[in-house]
Amino acid sequence: MINPGFGLHNRGMLNLAERLCSSTGSDQAYLLNTGSEACEAAIKLARKWGQQHRGGASRIIVANNGCHGRSLGTISASDSSTLTNRFEPQLPGFSHVPFNDLPALHAAVDAQTVAIMLEPIQSDAGVIPATAHYLKGVERLCRELGILLIFDEVQTGIGRCGTLLAEQFYGVRADIVVLGKGLGGGVPLAALLARGKACCFDTGEMTGTHHGNALMTAAGLAVLGSVQDKGFIEHVEESAQHLREGLQRLSHRYDHGELRGQGLLWGLTLSDDSAGAVVKAALYEGLLLNAPQPDCLRFTPALTVSKANIDEMLLRLARAFSRVRTAQLQCRKGIAV
């Protein structure tokens with residue numbers, strides 16, 4: 001009874017879809033298993049809308065260095081430089097333009113363009129935030145040209161940026177929003193949210209045995225209940241400030257570079273391509289880190305992280321930096337000898 005199939009609704013599915021729509025101002029919600037599936041569903045939805053309302057237009061403009069998943073369709077929508085395997089086959093129908101570059105985006109739109117698909121913060125590229133000017137300009141461009149705006153919020157949604165959705169932080173509104181990761185709180189759950197004219201999937205068109213099953217939707221409801229509980233977002237904002245200030249101090253102490261991000265999603269640029277070495281050194285210190293780029297560390301703690309947790313992390317990170325710095329100095333001395 002956990003997986004009766006998408007053709008049979010369950011109370012959790014209906015409640016989660018209703019809560020997602022009411023919380024985000026959306027008209028329809030489609031529940032899936034993973035962010036990749038949800039991104040691929042967004043591509044299919046946009047192209048169906050293009051068939052119905054834009055003379056069969058199907059091309060989607062995406063940003064360089066973006067990463068929208070690991071399925072064949074979403075790999076084609078991603079920049080190959082962000083992928084583990086850069087030689088994956090690519091499907092046609094996507095145009096790549098520089099991120100945070102409105103003129104380039106405007107120049108890429110033509111009669112075959114159906115949508116623009118972006119991450120508000122490019123996480124796998126090294127936590128590169130969109131500027132408010134850029135996202136507001138993209139939204140205005142889509143409205144003027146009559147094409148769809150898709151936000152991939154798999155990484156940024158569900159409180160990660162200090163608001164339920166990152167689009168709320170930027171003060172913009174997409175036609176289609178993709179959610180994943182945080183929505184399930186650790187279990188495989190994702191969602192595709194559609195608004196207004198973008199709601200063109202027919203009943204039963206989005207099918208799958210595990211989509212919206214009772215177990216996963218129970219987890220999603222628990223997550224939303226926690227994130228929308230009084231004081232939760234305020235806690236995220238306070239923790240984010242504490243993390244940001246601590247990382248800035250460490251960056252200055254060890255002569256590292258720029259700190260980028262929002263809420264509890266931060267990327268720290270290192271002074272060299274030592275991110276992999278820092279990850280290994282941190283593991284020795286009992287700290288799990290992620291390096292999306294050779295010169296960048298990414299920090300995405302649990303939204304419930306405490307200031308004491310952050311202080312402990314900073315202490316262990318400092319030890320990891322010292323380990324790597326010592327190893328580098330020893331290596332240089334060896335070369336000099």
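**Salt bridges in the predicted model**

The structure holds nine salt bridges, a salt bridge being a side-chain nitrogen of Lys or Arg within 4 Å of a carboxyl oxygen of Asp or Glu. This is a predicted model, in which local features need pLDDT of at least 70 and side-chain atom pairs count only at pLDDT 80 or more, while totals for chains, interfaces and linings use all residues. Residues are numbered from 1 along each chain as its sequence is written, and side-chain values use heavy atoms, with hydrogens and water left out.

One of the salt bridges joins Arg 59 to Asp 110, with the closest N and O atoms 2.7 Å apart. Arg 59 belongs to strand β2 (residues 59–63), and Asp 110 to the loop between α4 (102–108) and β4 (113–118), so this pair ties together parts that are 51 residues apart in sequence. Helices (H or I, at least four residues) and strands (E, at least two) are DSSP runs, numbered from the N terminus. Arg 59 counts as buried because its relative accessibility is 16%, whereas Asp 110, at 36%, is partly exposed. Here buried means under 20% relative accessible area, exposed over 50%, and partly exposed in between, with a 1.4 Å probe and protein chains only.

A second example pairs Arg 195 with Glu 167, whose closest N and O atoms are 2.8 Å apart. This pair also links distant parts of the chain: Arg 195 is in the loop between β9 (190–194) and α7 (214–227), Glu 167 is in helix α6 (residues 166–170), and 28 residues separate them. Arg 195 is buried, at 3% relative accessibility, and Glu 167 is buried at 3% as well.

The pair of Arg 316 and Glu 312 has its closest N and O atoms 2.8 Å apart. Both residues lie in helix α10 (residues 307–336), four residues apart, which is about one turn of the helix. Arg 316 is partly exposed, at 26% relative accessibility, and Glu 312 is partly exposed too, at 34%.

Buried residues account for 53% of its 337 residues.
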